[in-house]
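Reader: I have a model open beside its sequence, and I would like to learn how to read it feature by feature. Could you walk me through it?
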Amino acid sequence: MIGFQVAEFTDAAARPHGHKPLHWPMFSPEHGVILVLAGSLLTGASLSQTWTWETWLACLVAFLGLQAEHPLVVQIKQRRSWKPRYLFWTGVYGGIAISIASYLTYRHPVLLWLYGGTVIAMGVDVVAVLRRRQKSIDTEILMFAAICMATLFVYGTNTGTLTSQAVGLWLLNSLFFASAVFTIKLRKVKTSSLTGSLVYHCVAIAAAATLYWLGWLSLVTTLTLGVALLKLVVVILFRDWYCNCRFEYIARFETYFALTYTALVCLTVLPEYMPAPG
């Protein structure tokens, strides 16, 4: 699955790559999206209640897809200045990811359904970069949902099928991680109003309740969205600190809540007792 640069949990912009040699690897500086990807992969694997060598391959595909997006976006931002190193590493990461994904799809054809959404999301990402709208709220929410498709990818790899519960968990992950878009944007003057955050969280609660009502999520899993609500309450109570402190503290703040959410979701979808080995 292709990764995307979205609302940062770090304040680091992509650093200039200078005139490094072609063989020097390029890695995305956006640690926040790695955290979102890891949470999506772990929750999907927990829902499937299994971990095999193919699970490792699925994780590798997701990671390499995320890395392939970074040099591609940097190249697009360069406009008329073509950089062979950017194109080279886009091809290397993307080529390996596509090769492994093709193998997994051969073994589990259900994964083919996910690639259409991936291609669409990648197209939206490229257009957003060209129009300089990559940091708009709607684009970032869509990109979070695209990254969270890793939940479906690893679940489909492990089980060979996609269920309503897996779709429900993907949507729940998307709702939670996208909430960071609104809290982080409170630090900017133009987007400092709480209205957007309050509206989004109300919509998220309604959406999660609907997923529970449909039977796509269990009650305890649905309640993990409360971590996002708790984070919003803390942000409101300590808004002056949140909006004015150094971004490294915000990165830690968002990371702690993301890890807490991921751990709770994993615990709610795992069985009470794991089967004995052998």
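Reader: Let me start with the rings. How many aromatic pairs does the count come to?

Author: The count comes to eleven aromatic pairs. Please keep in mind that this is a predicted model. A pair of aromatic rings is described by the distance of the centres and the angle of the planes. Take Phe176 and Phe177: their ring centres are 5.2 Å apart and the planes stand at 80 degrees, so this pair is edge-to-face. Phe176 and Phe177 are both buried.

Reader: And what are the distance and the angle for the rings of Trp241 and Phe253?

Author: There the centres lie 6.0 Å apart with the planes at 65 degrees, and since planes over 60 degrees apart count as edge-to-face, the pair of Trp241 and Phe253 is edge-to-face. This pair links distant parts of the chain, with Trp241 in helix 11 (residues 239–244) and Phe253 in helix 12 (residues 247–269), twelve residues apart. Trp241 is partly exposed, at a relative accessible area of 39%, while Phe253 is buried at 11%.

Reader: Which residues do ring pairs link into a cluster?

Author: Trp241, Tyr242, Phe253 and Phe257 are joined into a cluster by ring pairs.

Reader: Before I go on, how should I judge confidence? What is the mean pLDDT of the protein?

Author: The mean pLDDT is 84, and 86% of the residues reach 70 or more. Residues 1–17 call for care: the pLDDT over this stretch is below 50, although the stretch has 72 contacts in the model beyond near neighbours in sequence. As for the helices, helix 4 (residues 112–130) has the lowest confidence, at a mean of 78, and helix 9 (residues 219–223) has the highest, at 96.

Reader: Now to charges. How many salt bridges does a search of the whole structure find?

Author: The search finds five salt bridges. For each one, look at the N to O distance, then at where the two partners sit. In one of them, the side chains of Arg107 and Glu54 meet at 2.2 Å, N to O. Arg107 belongs to helix 3 and Glu54 to helix 2 (residues 53–77), so this bridge ties together parts that are 53 residues apart in sequence.

Reader: Are Arg107 and Glu54 buried or partly exposed?

Author: Here the partners need a turn each. Arg107 is partly exposed, with a relative accessible area of 43%. Glu54 is buried, at 6%.

Reader: Which residue forms a salt bridge with Lys185?

Author: Lys185 pairs with Glu140, and their closest N and O atoms are 3.6 Å apart. Lys185 sits in the loop between helix 7 (164–184) and helix 8 (195–213), whereas Glu140 is in helix 5, 45 residues apart. Lys185 has a relative accessible area of 9% and is buried; Glu140 is also buried, at 2%.

Reader: How many residues apart do Glu248 and Arg252 lie in helix 12?

Author: They lie four residues apart, about one turn of the helix. Glu248 and Arg252 form a salt bridge with closest N and O atoms 3.7 Å apart. Both ends are partly exposed: Glu248 at 33% relative accessibility and Arg252 at 44%. Arg246, Glu248 and Arg252 are linked in a network of salt bridges.

Reader: How do I read a buried residue through its contacts? Which residues does Thr157 touch?

Author: Begin with its place and its accessibility, then list its partners. Thr157 lies in helix 6 (residues 150–159) and is buried, at 1% relative accessibility. Leaving out residues up to four places away in sequence, Thr157 touches Glu54, Thr55, Ala58, Leu104, His108 and Leu111.

Reader: Last one, the surface. Which residues form a nonpolar patch there?

Author: Leu42, Trp51, Trp53, Trp56 and Tyr103 form the patch, with about 580 Å² of accessible area together. Among them, Tyr103 is found in helix 3 (residues 84–107) and counts as partly exposed, at 35% relative accessibility.

Notes:
Residues are numbered from 1 along each chain as its sequence is written. Side-chain values use heavy atoms; hydrogens and water are left out. pLDDT is the predictor's confidence in each residue, from 0 to 100. Helices (H or I, at least four residues) and strands (E, at least two) are DSSP runs, numbered from the N terminus. Contact means heavy atoms within 4.5 Å. Patches are made of residues with over 30% relative accessible area and no salt bridge: like charges are joined within 9 Å, nonpolar side chains (Val, Leu, Ile, Met, Phe, Trp, Tyr) within 5 Å. Accessible areas come from the Shrake-Rupley method with a 1.4 Å probe; for residues, only the protein chains shown count as cover. A salt bridge is a side-chain nitrogen of Lys or Arg within 4 Å of a carboxyl oxygen of Asp or Glu. Buried means under 20% relative accessible area, exposed over 50%, partly exposed in between (1.4 Å probe, protein chains only). Rings of Phe, Tyr and Trp (its six-membered ring) pair if their centres lie within 6.5 Å; planes under 30 degrees apart count as stacked, over 60 as edge-to-face and the rest as tilted.
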